[in-house]
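Subject: Structure handover

Hi,

Here is the structure I promised to pass on. Have a look at it first, and then read my notes below.

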Amino acid sequence: MYAISLGDDGAELGPLEPWQAEEFLAHIDRGREYIGRFNGLPDVVTDLESSRAFLRAYAEKSAADAGRICGIRREGELVGAVILRTMDVTEGTAEAGCWLEPSAVGRGLVTRAVRVLIDWAVGERGIHRVEWWVSSDNAPSIAVARRLGMTKDAVLRESYPYRGKRHDMQVWSVLAPEWRTANGDRPGSGA
């Protein structure tokens, strides 16, 4: 398996595949409450079978060129992930997302990992617009969108029912020309 360095602290980004379902479930279990504040993943990945099914769905998306999942590792341990939840190469659009367990928060891992993912989507797959959908209550994720140079396009008021509450969702985006200007016209990272 390959890994891409996320900097001098030893953090790495690499693929997550169905054969890693046990490790993925342990990661979700460690961060279940924290991750679940704004992300429904802990409600979906509840046992080894559902963990394998989730990773299999992303393997199928990757094979169909319709999405991708990459794990964030710190000192060899899986502590989070970044995804292209959707990707339409024909239309040139994708939606990025992320999560971390509490032990990894505050180290810039998501920002660095999403940069690699967007570099790949724009540079290798020709994606023109990358979106970031986030609950208006999720300040850390909004901060990531800002650090990535994204623009807030809209607030979809009470559009997301989650755990008994309707959340406002913000839609942030970055366009390929903006990304290239801000980040240099480097080739995709191979994420």
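This is a predicted model: local features need pLDDT of at least 70, side-chain atom pairs count only at pLDDT 80 or more; totals for chains, interfaces and linings use all residues.

Before the sheet, one term: two strands count as paired if DSSP finds at least two bridges between them.

Ile-4 has Leu-13 in S2 as its bridge partner. The two strands make a hairpin with 6 residues between them, and Gly-7 in that turn has a positive phi of about 140 degrees. Leu-13 also stands opposite Ile-72 in S3, while Gly-14 has Gly-71 in S3 as its bridge partner.

Next along, strand S3 (residues 68-74) pairs with strand S4 (residues 77-88) over 7 bridges, again in the antiparallel sense. These two also form a hairpin, this time with 2 residues between the strands, and Glu-75 in the turn has a positive phi of about 55 degrees. Then S4 pairs with strand S5 (residues 93-100), antiparallel over 8 bridges. That hairpin has 4 residues between its strands, and Gly-92 takes a positive phi near 75 degrees.

Gly-14 is the bridge partner of Gly-71 in S3, Gly-71 stands opposite Ala-81 in S4, and Ala-81 stands opposite Trp-99 in S5.

**Helices on the sheet**

From its first C-alpha to its last, H4 reaches 21 Å over 15 residues, close to the 21 Å expected at 1.5 Å a residue.

How many of the residues in H4 are buried? The count is 12 of 15, so to speak a mostly covered helix. Among them are Leu-109, Val-110, Val-114, Ile-118 and Trp-120, and the buried set also includes Thr-111 and Asp-119.

In soluble globular proteins, nonpolar side chains tend to be buried together. Here the largest nonpolar core has 38 residues, and those with the most contacts inside it are Ile-72, Val-82, Ile-118, Trp-132 and Met-150. At least two residues each come from S3, S4, S5, H4, S6, helix H5 (139-147), S8 and helix H6 (176-183). H4 gives the most, with 10 residues.

Leaving out residues up to four places away in sequence, Met-150 touches Ile-118, Val-130, Trp-132, Ala-145, Trp-172, Ser-173 and Val-174. Apart from this core lies another, of 16 residues, including Leu-16, Leu-25, Leu-78 and Ile-83.

Is Glu-95 buried or exposed? Glu-95 lies in strand S5 and counts as buried because its relative accessibility is 11%, under the 20% cut-off. Setting aside neighbours within four places in sequence, Glu-95 is in contact with Ile-83, Leu-84, Arg-85, Thr-86, Glu-131 and Trp-133.

Arg-37 is in the loop between helix H1 (21-35) and helix H2 (41-44). With 38% relative accessibility, Arg-37 counts as partly exposed. Its side chain reaches the backbone oxygen of Tyr-34 at 3.0 Å. Arg-37 and Thr-111 are 74 residues apart in sequence, and their C-alpha atoms are 19 Å apart in space.

Cheers

Key
Residues are numbered from 1 along each chain as its sequence is written. Side-chain values use heavy atoms; hydrogens and water are left out. The expected span of a helix is 1.5 Å times one less than its number of residues. Buried means under 20% relative accessible area, exposed over 50%, partly exposed in between (1.4 Å probe, protein chains only). A nonpolar core is a set of buried Ala, Val, Leu, Ile, Met, Phe, Trp, Tyr and Cys residues joined through side-chain atoms within 4.5 Å. Contact means heavy atoms within 4.5 Å. A polar contact is a pair of N or O atoms within 3.5 Å; within protein, one must be able to donate a hydrogen and the other to accept it, and residues adjacent in sequence count only if both atoms are side-chain atoms.
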